[in-house]
Amino acid sequence: MVFNTGAALLDAIVLSVVSQEQQGTYGYKITQDVRQALEVSESTLYPVLRRLQKDECLEVYDMQFDGRNRRYYKVTEKGMAQLNLYRIEWKNYSKKISEMFERGVEV
């Protein structure tokens, strides 16, 4: 991606991805889903997950999978409220940017 991805946008994308799974989802799958929108490494993503957990937007639980523990992330009520704020902000922001691009002079 040509544009830098700020922390708030990355938080919004991660919350959106995790919110799509009612029972929660695990780190590797979150990484793969986020990569559909932008290129991100696992070393970038896991601090985001920890920050969202610290901010009480995500809850974490472990479950056995193929003989080992897998850590799952699930959006909390606070996380859903934050995601809804991000959605509103994104709509306003992207509308303004699109309008600027569309008003531009064509070469």
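Rings of Phe, Tyr and Trp (its six-membered ring) pair up if their centres lie within 6.5 Å; planes under 30 degrees apart make the pair stacked, over 60 edge-to-face, and the rest tilted. This is a predicted model, so local features need pLDDT of at least 70 and side-chain atom pairs count only at pLDDT 80 or more, while totals for chains, interfaces and linings use all residues. Residues are numbered from 1 along each chain as its sequence is written, and side-chain values use heavy atoms, with hydrogens and water left out.

**Exercise 1. Count the aromatic pairs, then classify the pair of tyrosine 26 and tyrosine 72.**

Step 1. Apply the ring rule, and you get 3 aromatic pairs.

Step 2. Take the rings of tyrosine 26 and tyrosine 72: their centres are 5.8 Å apart and the planes stand at 75 degrees, so this pair is edge-to-face.

Step 3. Now place the two in the chain. Helices (H or I, at least four residues) and strands (E, at least two) are DSSP runs, numbered from the N terminus. Tyrosine 26 belongs to strand β1 (residues 25-26) and tyrosine 72 to strand β3 (residues 68-75), so to speak a link between distant parts of the chain, 46 residues apart.

Step 4. Check the cover. Buried means under 20% relative accessible area, exposed over 50%, and partly exposed in between (1.4 Å probe, protein chains only). Tyrosine 26 has 21% relative accessibility, so it is partly exposed. Tyrosine 72 has 11%, so it is buried.

**Exercise 2. Work out how tyrosine 61 pairs with tyrosine 72.**

Step 1. The ring centres of tyrosine 61 and tyrosine 72 are 5.4 Å apart with planes at 10 degrees, so call this one stacked.

Step 2. This pair, too, links distant parts of the chain: tyrosine 61 is in strand β2 (residues 58-65), tyrosine 72 is in strand β3, and 11 residues separate them.

Step 3. With a relative accessible area of 26%, tyrosine 61 is partly exposed.

**Exercise 3. Find the rings that the charged end of arginine 70 sits over.**

Step 1. The test is that NZ of Lys or CZ of Arg lies within 6 Å of the ring centre and within 35 degrees of the ring normal.

Step 2. The charged end of arginine 70 sits over the ring of tyrosine 26, 3.7 Å from its centre.

Step 3. It also sits over the ring of phenylalanine 65, at 3.6 Å from the centre.

Step 4. Phenylalanine 65 is in strand β2; its relative accessible area is 34%, so it is partly exposed.

**Exercise 4. Describe the surroundings of threonine 31.**

Step 1. Look in helix α2 (residues 27-34), where threonine 31 is found.

Step 2. Its relative accessible area is 0%, so threonine 31 is buried.

Step 3. Contact means heavy atoms within 4.5 Å. Leaving out residues up to four places away in sequence, threonine 31 touches Val40, Glu42 and Leu45.
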